[in-house]
Each structure stands twice: as structure tokens, then as C-alpha cells.
Amino acid sequence: MTRALPIILLPLLVLLACGSGASAELAEAPKGRARGEQLFNMHCTLCHGKDGKLGLNGAKDLTVSTLSREEMVARVTHGKGAMMPYKNVLTPAEIDAVVAHVRSLRKNG
Ligand code: HEC
């Protein structure tokens, strides 16, 4: 009787392994707003801070920025002053996502 137990448990373990694998994938590649926030935390907080207000190295406070969405995309793509261009670092879709996050900081602040 007890010998049959591993055979019953095996498919269950495989199922569990697959389940956790899928959620790890989700955490690595979140979509939409979460993606923008993740990119912002990775590339932008160094100077702008998590809330966009840090202003290190002469960085602008993003919560009071009056730039339009297009101007922000251009600023991130081509850089300005101490801020480097991100056109070789982020894809246009990633720049869109990160700018969407910047604009959400602005509304909340
Ligand atoms: C090395 C520091 C640094 C990093 C990293 C950085 N920035 Fe900046 N950022 C600056 C500086 C400095 C300015 C001001 C440039 C100027 O107008 O002279 C600025 C300006 C901006 C502006 C324009 C704000 C305004 O109202 O003029 C936006 C938008 C912006 N940054 C977004 C981002 C995003 C998004 C990222 C990440 C992809 C990022 N920055 C990463 C330093 C940085």
C-alpha cells in the first residue's frame, strides 16, 4: 500500500512545480503600469527617487513637471543635461510604460 504513495504524489509535485514556475514568470515580466514602475525603479530612482522628488544630480522633481506625455517620451529617449538618453537602453514600448508611471506620480503628488 505505502509503495504506491510516491506514484500518486509525483503528478501532484509536477503540478506544483509548474504552478510556481508560472507565478515566477509573472513577477519577472509584469505588464502595463507594474512594468512601468519596475522599469522606473530600475533605471530612474537613482536620480529621481521612488516618488520622483529626489532631484539628485540636478534632476527635476517629476511630480511638478509640466511636460506633456510626448515631451517626456522625447526627454527620456534623447536625454538632457545630466540625464542620459535611454533610446539604446529601453525599447519605445518600455519608454511609454515608464513615462506612464512618471505621469501617475505627477497626479498623485
Ligand atoms: C543620472 C541621473 C538621472 C537618471 C538616472 C534619470 N534622470 Fe531624468 N532627469 C535628470 C536630470 C538632471 C534632469 C533635468 C534635465 C534638464 O532639464 O536639464 C532630468 C529630467 C527628467 C525629465 C523632465 C522633467 C521636466 O519637467 O523637465 C523627465 C520626464 C525625466 N527626467 C524622466 C526620467 C526617467 C523616466 C528616467 C528613467 C528612465 C530618468 N529620468 C532617469 C537626471 C536623471
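This note sets out, in numbered points, the main features of a predicted model.

1. Overall architecture. The secondary structure of the chain comprises 5 helices and 0 strands, and the elements follow the order α-α-α-α-α from the N terminus. The chain has 109 residues, of which 27% count as buried. Among contacts with a separation of 6 or more, 45% come from residues 24 or more positions apart.

2. The largest pocket. The largest pocket holds about 660 Å³ of space. Its lining consists of 30 residues, and those closest to the centre are H48, K60, L62, R75 and M83. By type, the lining residues divide into 19 nonpolar, 7 polar and 4 charged. Four helices, α2 (32-43), α3, α4 (69-78) and α5 (92-108), each supply at least two residues of this lining.

3. Residue H48. H48 belongs to helix α3, which spans residues 45-48, and is among the residues closest to the centre of the largest pocket. Is H48 buried or exposed? H48 counts as buried because its relative accessibility is 9%, under the 20% cut-off.

4. Surroundings of H48. Leaving aside residues up to four places away in sequence, H48 touches F40, K53, L54, G55, A59, K60, L62 and M83. Of these neighbours, K60 also takes part in a polar contact: its backbone oxygen lies 3.2 Å from a polar atom of the H48 side chain.

5. Cysteines. How many disulfides does the count come to? The count is 0. The cut-off for buried is under 20%.

6. Residue N57. Phi of N57 is near 60°, a positive value in a residue other than glycine. Most residues other than glycine have a negative phi. N57 lies in the loop between α3 and α4. With a relative accessible area of 57%, N57 is exposed, because the cut-off for exposed is over 50%.

7. Points to inspect. A reader new to the structure may begin with H48 in helix α3, continue to the backbone oxygen of K60, 3.2 Å from a polar atom of the H48 side chain, and then turn to N57 in the loop between α3 and α4.

Notes:
Residues numbered from 1 in each chain as written. Predicted model: local features only at pLDDT ≥ 70, side-chain atom pairs only at ≥ 80, totals over all residues. Heavy atoms only, no water. Buried < 20%, exposed > 50% of the residue type's maximum accessible area, 1.4 Å probe, protein only. Polar contact = N/O pair within 3.5 Å; in protein donor to acceptor, adjacent residues only side chain to side chain. Contact = heavy atoms within 4.5 Å. Disulfide = S-S within 2.5 Å. 1 Å grid on protein atoms, 1.4 Å probe; cavity = no way out; pocket = protein on both sides within 12 Å on 5 of 7 lines; lining within 4 Å. Points joined across faces, edges and corners; volume = space filled by probe spheres on them. Nonpolar A, V, L, I, M, F, W, Y, C, P; charged D, E, K, R; others polar.
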